[in-house]
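Good morning. I will go through one protein chain today, from its overall layout down to a few side chains. Please have the sequence and the structure open.

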Amino acid sequence: MDELSNTSVPTPFCCVYSALVEDSVYSEKKLHSIFNDDRVNNNREFFSISPETAISKIQSSLDILFEEFNNEAGEAKELKFYALRCPN
């Protein structure tokens with residue numbers, strides 16, 4: 001997660017859900033397609049979607065080997081490219 005903090009992520013964020021998949025390249029492309037209608041900007045990899053909906057779509061679309069929920073993240077409101085905004 002530290003490497004994402006130094007990229008062009010527009011707002012601070014925390015991870016509320018993570019999933020281990022066998023083929024990360026395929027999984028990322030598939031999720032980009034699934035979340036395409038939720039893009040904030042067609043030229044960027046940022047999405048506006050509720051955490052519950054995003055997690056549900058991820059779980060129903062990918063073969064997940066392991067998943068983890070971060071209950072300490074609190075009430076995150078928007079998904080931003082698999083990462084969620086920290087509550088204010």
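Starting at the N terminus, the order of elements in the protein chain is α-β-β-α-α-β-β-β. That gives three helices and five strands. What you see is a predicted model, so before the details, a word on confidence.

The average pLDDT of the protein chain is 75, and 65% of the residues score at least 70. One stretch to treat with care is residues 78–88, where pLDDT stays under 50. The model still has 45 contacts for that stretch beyond four places in sequence. Where pLDDT is low, however, predicted coordinates should not be read in detail.

Now the chain as a whole. Of its 88 residues, 31% are buried. The accessible surface is about 6100 Å², and carbon and sulfur atoms account for 46% of that. If we take contacts between residues at least 6 apart in sequence, 68% of them join residues at least 24 apart.

Next, helix 3. Which residues of helix 3 are buried? They are P51, A54, I55, I58 and S61. These residues cover an arc of only 145 degrees around the axis, so they sit on the same side of helix 3. The spacing follows a general rule: an α-helix has 3.6 residues a turn, so residues three or four places apart point the same way. On the face turned away from the buried side of helix 3, we find the exposed residues E52 and S60.

The side chains of K57 and D38 form it, at 3.5 Å from N to O. K57 lies in helix 3, residues 51–61, while D38 is in the loop between helix 2 (24–34) and helix 3, so the pair ties together parts that are 19 residues apart in sequence. Are the two partners buried or exposed? K57 is partly exposed, at a relative accessible area of 28%. D38 has 19% relative accessibility and counts as buried, because the cut-off for buried is under 20%.

Last, the surface. L20, L65 and F66 make a nonpolar patch of about 320 Å². One of these residues, F66, belongs to strand 3, which covers residues 64–69. F66 has a relative accessible area of 48%, so F66 is classed as partly exposed.

That is the end of my part.

Methods
Residues are numbered from 1 along each chain as its sequence is written. This is a predicted model: local features need pLDDT of at least 70, side-chain atom pairs count only at pLDDT 80 or more; totals for chains, interfaces and linings use all residues. Side-chain values use heavy atoms; hydrogens and water are left out. Patches are made of residues with over 30% relative accessible area and no salt bridge: like charges are joined within 9 Å, nonpolar side chains (Val, Leu, Ile, Met, Phe, Trp, Tyr) within 5 Å. Accessible areas come from the Shrake-Rupley method with a 1.4 Å probe; for residues, only the protein chains shown count as cover. A salt bridge is a side-chain nitrogen of Lys or Arg within 4 Å of a carboxyl oxygen of Asp or Glu. Helices (H or I, at least four residues) and strands (E, at least two) are DSSP runs, numbered from the N terminus. Buried means under 20% relative accessible area, exposed over 50%, partly exposed in between (1.4 Å probe, protein chains only). pLDDT is the predictor's confidence in each residue, from 0 to 100. Contact means heavy atoms within 4.5 Å. The arc is that of the directions from the helix axis to the C-beta atoms.
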